[in-house]
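Dear colleague,

I am passing on a structure for you to look at, and my notes on it follow below. Please read them with the coordinates open.

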Amino acid sequence: MESTSPAGFQFQSNELHSMKVINFRSSYIFDDRRSAVFEMCNTKVNAAVYGSREICTLFSSKQGSRHRTNQFGGLTLKAMPEQKDITVTNRSRDNRTPHVLTMAGSDSGAGAGIQADLKTCAACGVYCSTVITAVTAQNTHGVQDVSILSAESVAAQLKSILSDMHVDVVKTGMLPSPVMVKILHDNLKQFPVQALVVDPVMVSTSGHVLAGPSILDTFKQDLLPMADIVTPNIKEASVLLDGLQLQTLDDMRLAAKSLHDMGPRNVLVKGGDLPSSDAVDIFFNGKDFYELRSSRIQSRNTHGTGCTMASCIAAELAKGSSMLSAVKVAKRYVETALKYSKDINIGNGPQGPFDHTLKLLRKTSSRLQPFDPSDLFLYAVTDSGMNKKWGHSITDAVKAAIEGGATIVQLREKDAETGEFLEAAKACLEICRSHNIPLLINDRVDIAMACDADGVHVGQSDMPVNKVRALLGPEKIIGVSCKTPEHALKAWADGADYIGSGGVFPTNTKANNRTIGLDGLKAVCVASKLPVVAIGGINLSNARSVMELGVENLKGVAVVSALFDRDCVESETRKLHALLTETVTYNR
Ligand SMILES: Cc1ncc(COP(=O)(O)OP(=O)(O)O)c(N)n1
Ligand SMILES: Cc1nc(C(=O)O)sc1CCOP(=O)(O)O
Ligand SMILES: [Mg+2]
């Protein structure tokens, strides 16, 4: 049986026993222990949660029932052997949007702090709300000013969010005064969350002290015991451990163990500052040590990696990951972003921020113009079989079509293997860019993304347009094949830029293609709010009849065999271009 409890949690229970879990609430943070409340058989049961939240035991004082969890916070409760019938899972809570609250300082340079947390969560697909503890003036040279917000303001921000929005995970960064830890503690007691990620920010990368000695005791005594994970770098671990020197991986393991003894359920000691060939972090969950390695990236743009790592862990936990996989994903995310951002150029100081969104790198060769419907005028669609037949390389064929007057090119390489297709696409893209002609890829969204093509053409049984749009973003060109007015309306609603409509005439190029004729083409054009290009069996002898249909949004013809199943692609393209130009001039 599977049902949804009043709290929105899904549960399963077989029929062997009558016990039925009807409600389960995530664990409360209560002093340094957690307690949970759930109801069984309509009876409210208070349960204390002991042990690590990764594998913890719920002990219900009232009914004496014990349940093991394999996800913290009771994400999955499995019955002990004597009660095999209960499984509770809250993975599907109400379809709510995963939400991280970050409580940290603002970084005016936006590489670290609140700004890094917002960008990281956005990149991870998680909503992020903010409680600002301090406003710093900092740039790529360092920190010039710090203004700490009042306790009242911090408390009001925290309460405002927690009392209204469902927060899954709280992540802390710069907490510049002990009272802020108390405010956090009190609020989490009142508004429990699934996990608390603590990045013990104390010193900025430029060496500026962001949380003075007065906070150290509070971190150790009050903050760490509340944490589900604490993520110090070497310097922070050393400060938290009274100046312990960390120089080797064994030192990091020792530090992780000592920090774990202070109360957090998991510890990640980040070894990025150690002089080794790889960047190695040590993760300890109270039982096992894990060595997480990534390649060391030589880059000036490393400001904000600590905040980013912690907020990515928080975001992954909010999506439902286990702690270990959240940490692994975060490590991979930071490594990828660092690699990507090596050459971005922000600020004149020694330490630049990196790009959390992997989008800032300006490829000078990128086509910057938006889609222009008049580009559909003479649309050349390649065919590997035809090129082979005539001994043309794909690049020669594309170059010839462009020199003959093609206004847009689509690579339709049905037989190519992926690697071969990608290389061909990159080479053709270079040619198209040098002529300022858009290059689209047929069907293969992955190839288009890998080579940064200008867009994709998909059919009704390919990847749906709305998914392609989500993957490619708002700027890329998306075309979709439509044979009916209904297809045309959907193409518009799904976010396509243009429609390819056919087969206007019978064709040998595409097997089993239904011919819709000039009437079918006209019906699609009339229904469509998008520009249309006609396709299927179009050549020098019938192109005029297509262009003379007289519908304003019919912008041109797409052609395969009449251009590429020919010895001289350039001259065939030139002839068709001249004919199309004639029809336009004539009809003006
Ligand atoms: C411009 C243009 N229009 C239609 C098509 C056909 O696309 P699709 O229906 O996906 O069929 P295949 O080309 O994949 O066989 C097209 N490629 N281009
Ligand atoms: C790829 C394609 N799509 C069609 C459709 O009707 O959607 S017809 C077609 C083949 C077009 O080749 P040719 O110009 O050689 O007839
Ligand atoms: Mg297709």
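A residue counts as near a molecule or strand if its C-beta atom, placed from the backbone, lies within 6 Å of it. Of the 17 residues around ligand 2, those that come nearest are Gly 502, Thr 507, Thr 509, Val 560 and Ser 561. This shell holds six nonpolar, ten polar and one charged residues (Ala, Val, Leu, Ile, Met, Phe, Trp, Tyr, Cys and Pro count as nonpolar, Asp, Glu, Lys and Arg as charged, and the others, Gly among them, as polar).

The model is predicted, with pLDDT of at least 70 needed for local features and 80 or more for side-chain atom pairs, while totals for chains, interfaces and linings use all residues. Residues are numbered from 1 along each chain as its sequence is written, and chains are lettered from A and ligands numbered from 1 in the order in which they are written.

Eight strands close into a barrel with parallel pairing, in the order E20-E21-E22-E23-E24-E25-E26-E27, where strands are DSSP runs (E, at least two residues) and helices likewise (H or I, at least four), numbered from the N terminus, and two strands pair if DSSP finds at least two bridges between them. Strand E20 (residues 378-381) runs parallel to strand E27 (residues 554-559) and is joined to E27 by three bridges; Ala 380 has Val 559 of E27 as its bridge partner.

Elsewhere, the crossing of helices H1 and H7 is right-handed, that is, the near helix is turned clockwise from the far one by less than a right angle.

Best regards
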